[in-house]
Amino acid sequence: MASIPPDFQQSNYLPPPIAGFSERQPQTIRLYPLSNYTFGTKETQPEEDPSVKDRLKRLEEHYEQHGMRRTCEGVLVCHEHNHPHVLMLQIANAFFKLPGDYIHHDQPEIEGFKLRLNERLAPTAGSSLSATHPDDGDWNVFDTLAQWWRPNFETFMYPYLPPHVTRPKECKKLYFIQLPKTKVLSVPKNMKLLAVPLFELYDNTGRYGPQLSAIPHYLSRYKWEFVDEEGNVVSWTPGAEVDAKVQTKILAGGDEEMQQEDTNGVKKDTAANIDGQ
C-alpha cells in the first residue's frame, strides 16, 4: 500500500499489495491546500477579562445565574506539503487557542457555535475583503472530537468528569470543522492566525498545553485525501514522508507589539491562558 495514487507515482517499484485495513473507520476526509484560502485582518477584539482571576470570577457569576457554561472550539484542518495543519490563534505572542468561545445560555449549541466562529474569523461586513471574496458565513460542524470538563472554579480541565464531581462548572467541546474548497478567514489585529502541523502539536504540552497537544490523537481516527489546487488527489493515508518545508506558518494578524519578541521571557497573566493552552 502506498500513499501516492497510481496516476502520480513516479517509481516502477510498486509496494506489495495488502488486504484491506479500513474497517470500522469514519469516512475519508478530503483536505484542501492552504493556498486555497484567503486570509485577512479586521478590527482588534480585546479579551473580555484582563486576567485569569477575572475570567474565573465571571465564570462563577455565570454558573450562579445559568448553570454550567457551554464552550465550543473548532479544529479547522487543511494541508501543506501533504501534511495536515490545524488553524489556531495566538494571543499576546505567547498563548495558543482554537477559534470559538462559550455559548450564550439561551442559544442552541451549534447555532451559537457558528456565531462565535463568525465573530472570530468571518470578514467584517462591508469590508473590501468581504466584497471581493463573498462568503456565506456557514460552517460544516462535522464531528465531536473531545470533551473537557472544569470541575471547579479553577484553571484545571480534564478529558473526563471526576467521579466525585456532580456539578461541573464548564464543559468544553472540540469540534472538527470540515473546511470547504475555498473560504475567506479574517483574524483580529491583536491575534495571529497560525497553521500548525500535527507533528508540531504532538506530545508538545510544554508549548501548546494538554488540550491542543492531544489534537493529533483525536484526528488519528480519520483517513485523509490531500488535494492540490486543481482538485487532484495527490496523496492519501498512509501519509507521505514529511517534507522538510513543513512548519508553522503565520497566516494573518499580529500588530507591531506582537511581532516583537519578549526579551524578558515573561508571560503575562492573561485570561487566554486559563486552560493552560
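The structure is a predicted model, in which local features need pLDDT of at least 70 and side-chain atom pairs count only at pLDDT 80 or more, while totals for chains, interfaces and linings use all residues. Residues are numbered from 1 along each chain as its sequence is written, and side-chain values use heavy atoms, with hydrogens and water left out.

**View 1. Strand S10 is covered on both faces.** Strand S10 comprises residues 191-197, and seven of its seven residues are buried (buried means under 20% relative accessible area, exposed over 50%, partly exposed in between, with a 1.4 Å probe and protein chains only). Helices (H or I, at least four residues) and strands (E, at least two) are DSSP runs, numbered from the N terminus. In a regular strand the side chains alternate between the two faces of the sheet. One side of S10 carries Met191, Leu193, Ala195 and Pro197, and the other carries Lys192, Leu194 and Val196. Strand S4 (residues 83-91) runs antiparallel to S10 and is joined to it by seven bridges (two strands pair if DSSP finds at least two bridges between them). Strand S13 (residues 249-253) is also antiparallel to S10, with four bridges. Within S13, Ala252 is the bridge partner of Leu193.

**View 2. Strands S1, S11 and S12 form an open sheet.** The three strands follow the order S1-S11-S12, with mixed pairing. Strand S1 (29-31) and strand S12 (233-236) are at the edges with a single partner strand each, so one side of each has no neighbour in the sheet. Neighbouring strands are turned by 30 degrees against each other on average, direction ignored (axes are lines fitted to C-alpha atoms, for helices over the stretch in contact, and angles run from 0 to 180 degrees between N-to-C directions). S1 and S11 run parallel and are joined by three bridges. Arg30 has Glu225 in S11 as its bridge partner.

**View 3. Glu48, Asp49 and Arg58 are linked in a network of salt bridges.** A salt bridge is a side-chain nitrogen of Lys or Arg within 4 Å of a carboxyl oxygen of Asp or Glu, and the structure holds 12 of them. Between Asp49 and Arg58, the closest N and O atoms are 2.5 Å apart. Asp49 is buried at 7% relative accessibility, and Arg58 is buried at 17%. Glu48 is also in contact with Arg116 (contact means heavy atoms within 4.5 Å). Arg116 is placed in helix H2 and is buried at 9% relative accessibility. Beyond its neighbours within four places in sequence, the contacts of Arg116 also include Asp101, Tyr102, Ile103 and His104.

**View 4. Two further salt bridges join Asp138 to Lys114 and Asp143 to Arg221.** The closest N and O atoms of Asp138 and Lys114 are 3.1 Å apart. Asp138 lies in the loop between helix H3 (128-132) and strand S7 (141-150), and Lys114 lies in helix H2 (residues 109-121), so the pair ties together parts 24 residues apart in sequence. Asp138 is partly exposed at 42% relative accessibility, and Lys114 is partly exposed at 23%. For Asp143 and Arg221, the N to O distance is 2.7 Å. Asp143 in strand S7 and Arg221 in the loop between helix H6 (215-219) and strand S11 (224-227) are 78 residues apart, and the pair links distant parts of the chain. Asp143 is partly exposed at 22% relative accessibility, as is Arg221 with a relative accessible area of 38%.

**View 5. Cys171 and Cys78 are buried cysteines.** Cys171 has a relative accessible area of 7%, and Cys78 has one of 1%. The structure holds zero disulfides (a disulfide is a pair of cysteine sulfur atoms within 2.5 Å). The sulfur of Cys171 has its closest cysteine sulfur in Cys72, at 8.4 Å, which is too far for a bond.

**View 6. His164 is exposed in the loop between S7 and strand S8 (170-177).** The relative accessible area of His164 is 66%. His164 and Pro151 are 13 residues apart in sequence, with their C-alpha atoms 9.4 Å apart in space.

**View 7. Residues 239-243 have a pLDDT below 50.** pLDDT is the predictor's confidence in each residue, from 0 to 100. The chain averages a pLDDT of 85, and 84% of the residues score at least 70. Over residues 239-243, the model has six contacts beyond near neighbours in sequence. Over residues 256-270 the pLDDT stays under 50, and the model has 22 contacts for this stretch beyond four places in sequence.
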